[in-house]
Amino acid sequence: LDRAAKQHAGKTAVFFEDQALTYAELADASARFAGGLRELGVRPGDRIAIHLPNVPQFVVAIWGAFKAGAVPTPMNPQLKRREIAHQLRDAGAKVILALVHNLAEVEKAVAEVGDVQVIGVGGPSDHPRFREVLAQPHFVEREGNDPALQPYTSGTTGQPKGVVLTHRNLSSNVEAII
């Protein structure tokens with residue numbers, strides 16, 4: 001992302017409804033989100049759950065987690081309390097981001113699991129808001145074999161299982177596409 005931001009700073013990286021986010025803006029916002037995660041006590045290797053639909057904050061949060069050395073675990077935003085609680089518990093997530101209109105289910109799951117910081121996206125709530133979490137830019141170097149992303153299987157034959165992908169897994173996929 002940072003290489004693309006240097007090469008294509010003013011080009012659109014994310015377009016959502018009537019908003020455009022350039023590569024430079026995405027790189028900056030993700031670095032500031034990484035700084036906010038650090039201020040929340042998130043350390044390299046910690047999991048953060050992202051219970052968001054396809055909104056710009058999803059992209060910023062994924063890249064920000066990478067920059068913080070954390071491991072994002074994306075969630076289908078239609079998951080309900082039981083499924084959210086399972087993934088939070090299984091991943092050991094320290095933080096969860098969720099749209100404010102989905103907070104009722106997320107709060108029930110967090111109450112069941114305990115000790116998970118909630119960040120609200122898209123409006124006022126009793127939790128810190130996404131834009132309030134942005135802080136001084138931060139970046140943690142990671143090795144190829146370090147965990148990068150932990151998506152979950154669909155759970156069609158049992159409980160969903162976390163699949164840990166390394167930074168090398170992700171960069172190999174990018175290289176193959178290029």
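The buried residues of helix 4 (residues 81–91) are covered by elements that include strand 3, strand 4, strand 5 and helix 5 (103–113). Here, helices (H or I, at least four residues) and strands (E, at least two) are DSSP runs numbered from the N terminus, and buried means under 20% relative accessible area, with exposed over 50% and partly exposed in between (1.4 Å probe, protein chains only). The model is predicted, so to speak of local features a pLDDT of at least 70 is needed, side-chain atom pairs count only at pLDDT 80 or more, and totals for chains, interfaces and linings use all residues. Residues are numbered from 1 along each chain as its sequence is written, and side-chain values use heavy atoms, leaving out hydrogens and water.

In helix 4, the buried residues are Ile 84, Ala 85, His 86, Gln 87, Leu 88 and Ala 91. Just after this helix comes Gly 92, with a positive phi of about 70 degrees.

Strand 3 has parallel partners, where two strands pair if DSSP finds at least two bridges between them. Four bridges join strand 3 to strand 4 (residues 71–74), with Val 71 as the bridge partner of Arg 47. Five bridges link strand 3 to strand 5 (residues 93–99), and there Ile 48 stands opposite Val 95.

Notes
Contact = heavy atoms within 4.5 Å.
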